Amino acid sequence: MTALVIFLVSYLGIAMGRIPGLAVDRVGIAILGAIAMVVFGGVSPQEAVRCIDFPTLCLLYGLMIISAQLRLGGFYTAAAEKILGFSDRPRLFLLVSMFVSALLSALLANDIICFAMAPILAYSLKRAGLNPVPFLLGLAVSSNIGSASTLIGNPQNMLIGQMGHL
């Protein structure tokens, strides 16, 4: 029963983005939930460690490092600026931005692309006088499409690839 309560509180906290009275984000809630499960006996420490897929975790970490270097090197800003050359033709701009985000999401995890490109696109589109909402939706959709096309595009694909020895 305790494990169910911990799960429900953690799940609701993650869904809401916070737990009232705590100053932690979704990641913090997930970590606190995992710790509570071990502390209150819902899962043994050995089971908790066995649940971690270290090769996938290392791959995600490596992709985050690569993405951070690309961001620090100005790659995402440069890509967004190139795409902005099409902002005078919004439909073509949407097509090009979706193609670029799908391509990058196939090579890096889609979360990374959305986190890196969304603020740049939103700022640039506002500056160009265009409504950013359709373009940000296009970014989200196309990055999901691109990520589904490769084993490294998203964590689920990585886990499937690991388990299937692909």
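User: Does Leu139 count as buried or exposed?
Analyst: The relative accessibility of Leu139 is 4%. Buried means under 20% relative accessible area, exposed over 50% and partly exposed in between, with a 1.4 Å probe and protein chains only. At 4%, therefore, Leu139 counts as buried.

User: What kind of model is this, and how are its residues numbered?
Analyst: This is a predicted model, in which local features need pLDDT of at least 70 and side-chain atom pairs count only at pLDDT 80 or more, while totals for chains, interfaces and linings use all residues. Side-chain values use heavy atoms, with hydrogens and water left out, and residues are numbered along each chain as its sequence is written, from 1.

User: Which residues are in contact with Leu139, leaving aside its neighbours within four places in sequence?
Analyst: Leu139 sits in helix H8. Contact means heavy atoms within 4.5 Å. With neighbours within four places in sequence set aside, Leu139 is in contact with Ser101, Ile113, Cys114, Met117, Ala118 and Leu121.

User: How far is the C-alpha atom of Leu139 from that of Phe93?
Analyst: Along the chain, Leu139 and Phe93 are 46 residues apart. Between their C-alpha atoms the separation is 11 Å.

User: What does Met117 touch, not counting residues up to four places away in sequence?
Analyst: Met117 is among the residues with the most contacts inside the largest nonpolar core. In soluble globular proteins, nonpolar side chains tend to be buried together. Not counting residues up to four places away in sequence, Met117 touches Tyr76, Ile83, Leu104 and Leu139.

User: Which residues does Ile112 touch, not counting those up to four places away in sequence?
Analyst: Ile112 belongs to helix H7 and is buried, with a relative accessible area of 5%. Its C-alpha atom is separated by 8.4 Å from that of Leu63, 49 residues apart along the chain. Beyond four places in sequence, Ile112 touches Leu63, Met64, Ser67 and Tyr76.

User: Does Ser67 count as buried or exposed?
Analyst: Ser67 is placed in helix H4 (residues 54–72). Its contacts, leaving aside neighbours within four places in sequence, are with Tyr76 and Ile112. The relative accessibility of Ser67 is 7%, so this residue counts as buried.

User: What is in contact with Gly161, leaving aside its neighbours within four places in sequence?
Analyst: Gly161 has its place in helix H9 and is buried at a relative accessible area of 7%. The C-alpha atoms of Gly161 and Leu72 are separated by 30 Å. Leaving aside neighbours within four places in sequence, Gly161 is in contact with Leu151 and Leu166.

User: What value is phi of His165 near?
Analyst: His165 lies in the segment after helix H9 (155–163) and counts as exposed at 73% relative accessibility. Most residues other than glycine have a negative phi, and most peptide bonds are trans. For His165, phi is positive and near 55 degrees.

User: How many helices does the chain have?
Analyst: Helices (H or I, at least four residues) and strands (E, at least two) are DSSP runs, numbered from the N terminus. The chain has zero strands. The count of helices is nine.

User: What radius of gyration does the chain have?
Analyst: The radius of gyration is taken over C-alpha atoms, and the globule rule is 2.2 Å times the number of residues to the power 0.38. For a compact globule of 166 residues the value would be near 15 Å. The C-alpha trace spans about 60 × 40 × 25 Å along its principal axes. The radius of gyration of the chain is 19 Å.

Definitions and conventions. Core = buried A, V, L, I, M, F, W, Y, C linked by side-chain atoms within 4.5 Å.
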